[in-house]
Amino acid sequence: MLDDPRTVRITGDDTAAMFRRTEDADAERRPDDYRGKPVPEAYVWCNLTSGNGSRALWLLLLPFMVVNLAHWMRPTSRHRKRLVRTYGLLVRLIGLTLTVLLVAAACELALDLTAWQCAGTPKCADDRSWLGFLATDAAGHGGWWSQPGRRLAVAALLPAALTGLLWYLSHRTWSAYESQQPLPQQPDPEEETSRTALGRPGFWYGRRLVARLRAAHTAAGLLTVAAAVGTSAARHDRRPGGPALLDILGWALDATLVVSGGVVVWVVCRRGRTENRLDRKLDRTLVRWLPLSALGLLVLVLLYAGWSRPEWRSAGRLPGDATFGGIALVQGLLVLCLAVAAHLLYRTSPDARTAIRGFGGPAVAMLSCALGGVMTGGGAQRVSDWLDGTQGSIAGPAVVLTWQASVIPPLLVVVAVLCGWFGVRTMQRKRREMAELERDYPDERTDLTRTRRIAGTRARAALTDRAPLLVGIISAVTLLLGAAALTGAWVTDEVPAKAAQGAPNILEGAAETSQALGSWLIGFGFILFITWGRRAYKDPSARRTIGILWDVGTFWPRAAHPFAPPCYAERAVPDLTWRMASWTRATNATGGRLVLSGHSQGSVLAAAAAWQLRPSVRRRVALLTYGSPLERLYGRWFPAHFGPAALSSLHREVDCWRNLYRATDPIGGPIQLHGDCGPQVDRAAALKDPLAYGRTEEHPLPAPILGHSDYQADPAFAEERARLLARLKHGVPSPRPATAEGVTPAPADPPDRAG
């Protein structure tokens, strides 16, 4: 970015920092050398998303990250604050069900498949020496730990440890990210009353909400483990002739679990985000005692389950169907309610460019639930196969999980049809682009191979604009297939292959094929997921690839799920804002200004940082964005925060804003503001890519198709940058001599992201 291999860090740390060229390191002390010249600075923040190997663990948090995105996809609304709060509440409740689902999946693996089924079946346990201390013989006898309640108590340590790990990761990143102090906001007489939410003082400081949600979700995870163990023991104690004392204890623990679960839901519903002010309060009592109370209840349940019950035998499955079926039902109902809320919000301020006409949030929330289901079913199927293989000695995973796996092949058929349709549309667009190329490169001798390659790149780049349709259809089909799977599991209480026995041959064959193929696919997907995470842990290049996914997924604060990967913007935006504010304050005597330049996700950070400045400072900033997803991705998918009104206000509030884009770029695009704003922001036409069609004097070798990268190679970049600097210089007097307190620096340009 600095066009010089000799660079030096001027402020920041190993995670994110500002760099200059070595020769510019002391520019402030040599004002005469920089009279009329900019001082380039680069902001490097890539380690926030693709740093050390522990980032690979974030893959396990993918469903949490996706549901957190759904919170920010709320449609633009007018005067519907209560409905906006309802929308946020519904997303937080969906996030809570995902935590319960993940911990329930761990309980399925450890408690049901391993401790209950395999350890209680001699044929399965004989091949697993590490299960020897839990195993029973053919007569049901074994060691002290072999009683079912004690086996469950030991196995419960695994999901409890998983919950503790999630708490630790969330707390660790909370201390590193959410603890960053934003720029203090002081009253400004020029402040407008209708600012976008990204400019509010508390938007990038969510410590209080994340701490509350972390406590609630940790308690929910521990209570899920306690319920899995306690209800199994209580069900045994309620049999006729059972011990009265244990029966009473079982009822008491069940009632306590219900009350505790109600408290957790109340905590999640009670408070949302505080954005209008910098809320530094922490609910320390709740944050500390809610998880500890749940942990204490779990210990009591484990002691209760470990009580001697010599006559207790484990057979069949634990009641996982009711658990997983109930979670799926609740998730489906919440997604439908979220869709209703999104539709009502969209109707108050409709915009045709909003993704899926306002249903983007519900669609993405549905996909997060589907991801959680795939991880749950895939893990259960793989562990079942590993423990039992093809022996058939254990009952296997819950029936509803098998039904959910069986609907994956039909879903993939729908996806294949959509991909085929998109392929046909892409070929049609490619033919149109081939005709356009003749007008873009006149007087050039036609090279059919070259033309096809350029036109194909343009046509594929346009697929980004069809993503909302793809996501909408897949989400709707997933909801319908999930409802069908849940109905089939509850009505038949059998896996699909057995439930279809006696049906017409074509139906029976389809059920058997779908079940077998779905089981294989979901297991393969789980293995692929784990392999990808393992490779990312060891390979920095793979970790950088995953970091691209985190660029969008972790830009937003954790408003719906505390176990989602941390929001890097809560570090990056204050960094940029503090740097810009300190520069303009230090050069106040000369009216110091700067050009803020951003590529790709860096342009989103640049806009967010500019919104956090005071209006009087913001008007001394010029924006140069290129390859920017501000409108193409963020404006459509996050309309309440990056819609036309928000981007138009940003254009009015900064000194000037120019945007560069290419037709071959699958990510960046024009800003497309309404009225007179559009031509003032977007360049008149997309940049040519490649720069030359054939061989020329300037390009004797074939020019590459650059797509989303290397915008600086286009002369238009230097041209627009020079125009912005010239525009700013009209309002900047010449630098003054050094004072006793320091030296006035020259105008700066440009903080940007590392490629």
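Please keep in mind that the model is predicted. The helix pair is α12 with α15, whose axes come within 8 Å. The strands are β4, β5 and β6, which form an open sheet with parallel pairing.

**The α12 and α15 helix pair**

- Helix α12 covers residues 399-406, while helix α15 covers residues 467-492.
- Their axes cross at roughly 140°, and α12 passes α15 in a right-handed crossing.
- On the α12 side, the contact is made by V399, V400, W403 and Q404.
- On the α15 side, the contributors are A485, L486, G488, A489 and T492.

**The three-stranded sheet**

- Reading across the sheet, the strand order is β4-β5-β6.
- Strands β4 (594-599) and β6 (656-660) are at the edges and have a single partner strand each, so one side of each is left without a neighbour in the sheet.
- From one strand to the next, the twist averages 15°.

- Strand β5 spans residues 621-626 and pairs with β4 in the parallel sense over six bridges.
- Helix α20 (residues 601-611) lies across both β4 and β5.
- The direction of α20 is at about 140° to β4.

Definitions and conventions. Residues numbered from 1 in each chain as written. Predicted model: local features only at pLDDT ≥ 70, side-chain atom pairs only at ≥ 80, totals over all residues. Heavy atoms only, no water. Axes fitted to C-alpha atoms, helices over the stretch in contact; angles between N-to-C directions. Helix = DSSP H or I, 4+ residues; strand = E, 2+ residues; numbered from the N terminus. Left-handed = near helix turned anticlockwise from the far one by under 90°. Contact = heavy atoms within 4.5 Å. Pairing = 2+ DSSP bridges.
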